[in-house]
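Student: Let us work through this structure together. Please show it first.

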Amino acid sequence: MPSPPTSELPVLRKVIRSSTIDLIADQIRNAIYSGSLAPGQSINEVRTAELLVVSRPSLREALQRLVSEGVMTHAPGRGVWVKRMSTDDIDDVYAVREAIEAQAVKIVIRSGKPIARIHQALARLEEAITENTARTIGDADLDFHHSIIACSGSVRLSDLMKVSMVHTRLLSLSDPRGYEVRCDLIETHRELAEAIAAGDEQLSLAIVGRVMSCAASRLHNPLTEPEAVIVRAEDLDEPVDDQWSQLRDTMKP
């Protein structure tokens, strides 16, 4: 029996090696992706270092990396906090997403890479939609898109996509309307999987472009697609309690 799928951004875990900046950045990036650290939320350096069992210099270096990635913001005298995205960020985030995914599609098709992972991710997305929970659908949607990059075998594209997925999630979490996802695009995702399987590069790239354009347009103005079927996050859809709850009293948005 195959092992159950794991998230591309795994659940928060304690950093074992305090000298490994990559692992520290991964844990904070994951906490942002999951919503455990919300847009605008500041980082208490002392308590965060204690929580992750890392040194403060290592934590600072990891935070600076996240600042350079555009995931966090820093100001002298104010410290570091999770970036709150604005409407000015929408087009840029999705332009980068399209560039990453389009390149991955080209590699997969031109190199004849195995695409079983794409079909597996599509099946999980279909299952998530039946659950009708915004966060579950959102995770499965992003996992589907990441599966394309994973199939390309490019480590650099995968690293870029990991950051881009956090940017995408921050856009949704920063939306004043609240976190919501569109759940009626499963046919578009099927079309993309089928186009890649058929080796139709032109159609695959066109679908990727359409997906990104529609997502950006909806964030700018949901009234541009009045027929869209939207699922909004409810109170019970919030991320489960985790280690970061120990810090939230001192890290208010």
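Tutor: Arg169 lies over the face of Tyr33, with 4.4 Å to the ring centre. A charge counts as over a ring if NZ of Lys or CZ of Arg is within 6 Å of the ring centre and within 35 degrees of the ring normal. This is a predicted model, where local features need pLDDT of at least 70, side-chain atom pairs count only at pLDDT 80 or more, and totals for chains, interfaces and linings use all residues. Residues are numbered from 1 along each chain as its sequence is written, and side-chain values use heavy atoms, leaving out hydrogens and water.

Student: Which residue lies over the face of Tyr179?

Tutor: Look over the ring face of Tyr179. The distance to the ring centre is 4.8 Å. The residue is Arg135.

Student: Is Arg97 buried or exposed?

Tutor: Arg97 belongs to helix α4, residues 87-111; helices are DSSP runs of H or I, at least four residues, numbered from the N terminus. Its relative accessible area is 3%. Buried means under 20% and exposed over 50%, partly exposed in between, with a 1.4 Å probe and protein chains only. So Arg97 is buried.

Student: Which side chain joins that of Arg97 in a polar contact of 3.1 Å?

Tutor: Leaving aside neighbours within four places in sequence, Arg97 has contacts (heavy atoms within 4.5 Å) that include Leu142, His145 and Thr168. A polar contact is a pair of N or O atoms within 3.5 Å; within protein, one must be able to donate a hydrogen and the other to accept it, and residues adjacent in sequence count only if both atoms are side-chain atoms. The partner at 3.1 Å is Thr168.

Terms used
Helices (H or I, at least four residues) and strands (E, at least two) are DSSP runs, numbered from the N terminus.
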